[in-house]
Amino acid sequence: MRNITSAVTTIRKQMHHSSRLVLSAKPLTERKSVLQIKFDFADSKVFIIFASVKQKKLRIMTHFRAVVISNDYARALEPYCETDQDFFEPIDHTSNYAGKTKKELKDEDFDIVTTDEEEQRDIRDKQDYARFNGNELVRAIRFYNPNAKYDYYGEQTYFSGNSEENDIVFKKEYEHIRDTNTIKLKYLDFPAMFEKEKERRRKAYRKYVEVLGHEPNFKTWDMFKKEYGEDFSKKEGNRQLYWNQPDVKAYAENICRWGNPDEFMCTEQEYVDKTTYPISQIVTDDEWIAQYEVGWFAVTYNETPAKEYNKRVDEALAKIDPETNVYIMDCHI
């Protein structure tokens, strides 16, 4: 348990205050040094992290779910792989390393080149390089996939049937299909999924109001940053100013210890109006539609507004043959 607490504390320090999740951790089978840490977000998105606690260091892997709508999921996912060099592009990072020496850039894993021949070799091999003219940096180039979403994945398609716990909902004419790993797009009831998620959000808001005895009323994180500056979050003492507010403390103690109370600083209807489909990553043969980007430590960023995300999903679904296969993938980043 001490290792679990240490791991959770370390992860927490790396995360933004509002990563909005419920967290649980347990040893993975008999390997006491490996933890399976479940991040169950207040908005029903679930991430699994496997943390290797070794020599007081954490090696973090974030697992998230993506729904792939394609008859060839490997081909649909291929353009978004972080490690497939076929999709690497040269990205100019010269401005990030201005004034750096050859030794410093070598320590940053750049190949140091001084001739056209050496540079062309690294371009061909897609090797990160720093071109120097004497001791002056000319350009620093890194090669990677700018569209990367994951570094590997595993197929997790398995549907146990409609239930309160399942985000995925089958249409009534297909409700009899259970315990299957073969799903067709025509089986899925997206309007029902949306209504189910909307009702879940309504209940969540009312539960918070019930705990407080009134609608939420406190100073949000952004309000503190506006008052104290962008560096506000860098000091633990400053973070406590936020978390010690009565309504925020009540949220942490009664609703979600690792959640984001700020999203409740609105009316019930405003909160419900922010409902999105409960599938945050949808991949088709043409595009990857993300409600938000996923990074290390289960951190999410670049969130798409609810109405925009829902519209993109609806437009994509309208163009796909209902007989197309659907795969639920466990992606890792």
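**Figure 1. Gln291 and its polar contact with Thr276.** In this predicted model, the side chains of Gln291 and Thr276 are joined by a polar contact of 3.3 Å. Gln291 lies in the loop that runs between β12 (288-290) and β13 (293-294). With a relative accessibility of 3%, Gln291 counts as buried, because the limit for a buried residue is under 20% relative accessible area.

**Figure 2. Asp122 in helix α4.** Asp122 belongs to helix α4. The relative accessible area of Asp122 is 2%, and the residue is therefore classed as buried. The side chain of Asp122 forms a polar contact of 3.4 Å with the side chain of Arg121. Leaving out residues up to four places away in sequence, Asp122 touches Asp111, Val113, Gln127, Asp128, Tyr129 and Phe143.

**Figure 3. Two residues other than glycine with positive phi.** Asp109, which is not a glycine, has a positive phi of about 70°. Asp109 is placed in the loop between α3 (102-107) and β6 (111-113). Its relative accessible area of 60% makes Asp109 exposed. Lys126, likewise a residue other than glycine, has a positive phi near 55°. The loop that holds Lys126 lies between α4 (116-125) and β7 (129-133). Lys126 is partly exposed, at a relative accessible area of 26%.

**Figure 4. Helix α5 from end to end.** Helix α5 covers residues 190-212, 23 residues in total. From the first C-alpha to the last, α5 reaches 33 Å, which is close to the 33 Å expected at 1.5 Å a residue. At the start of the helix, a side-chain oxygen of Asp189 comes to within 3.0 Å of the backbone nitrogen of Ala192. Just after α5, Gly213 adopts a positive phi of about 85°.

**Figure 5. The buried residues of α5 and what covers them.** The residues of α5 that are buried are Phe190, Met193, Phe194, Glu197, Arg201, Arg202, Ala204, Tyr205, Tyr208 and Leu212. The list holds residues such as Phe190 and Leu212 as well as Glu197, Arg201 and Arg202. Among the elements that cover these buried residues are the helices α8 (246-254), α9 (268-272) and α10 (306-318). The cover also includes strand β11 (281-283).

**Figure 6. The largest nonpolar core.** In soluble globular proteins, nonpolar side chains tend to be buried together. The largest nonpolar core of this model has 25 residues. Those with the most contacts inside the core are Ile69, Phe170, Leu185, Leu188, Phe190 and Ile282. Two or more residues are given to this core by each of β4 (57-69), α5, α10 and β15 (325-332). The element that gives the most is α10, with four residues.

**Figure 7. The surroundings of Ile282.** Ile282 is one of the residues with the most contacts inside the largest nonpolar core. Its neighbours within four places in sequence are left aside in this view. On that basis, Ile282 is in contact with Val67, Ile69, Phe190, Glu287, Trp288, Ile289, Tyr309 and Val313. Of these partners, Ile69 and Phe190 are also named among the residues with the most contacts inside the core.

**Figure 8. Strand β15 and its two antiparallel partners.** Strand β15 is mostly covered, as seven of its eight residues are buried. Four bridges connect β15 with strand β9 (residues 152-155), and the two run antiparallel. In this pairing, Glu155 stands opposite Met329 of β15. Strand β10 (residues 183-184) also pairs with β15 in the antiparallel sense, here over two bridges. Lys184 is found opposite Asn325 of β15.

**Figure 9. The whole protein and the confidence of its prediction.** The protein has 333 residues, of which 47% are buried. Its secondary structure comprises ten helices and 15 strands. Among contacts between residues at least 6 apart in sequence, 59% join residues at least 24 apart. The average pLDDT is 82, and 77% of the residues score at least 70. Over residues 1-59 the pLDDT is below 50. Where pLDDT is low, the predicted coordinates should not be read in detail.

Technical notes
Residues numbered from 1 in each chain as written. Predicted model: local features only at pLDDT ≥ 70, side-chain atom pairs only at ≥ 80, totals over all residues. Heavy atoms only, no water. Expected span 1.5 Å × (residues − 1). Buried < 20%, exposed > 50% of the residue type's maximum accessible area, 1.4 Å probe, protein only. Contact = heavy atoms within 4.5 Å. Polar contact = N/O pair within 3.5 Å; in protein donor to acceptor, adjacent residues only side chain to side chain. Core = buried A, V, L, I, M, F, W, Y, C linked by side-chain atoms within 4.5 Å. pLDDT = per-residue confidence, 0-100. Pairing = 2+ DSSP bridges.
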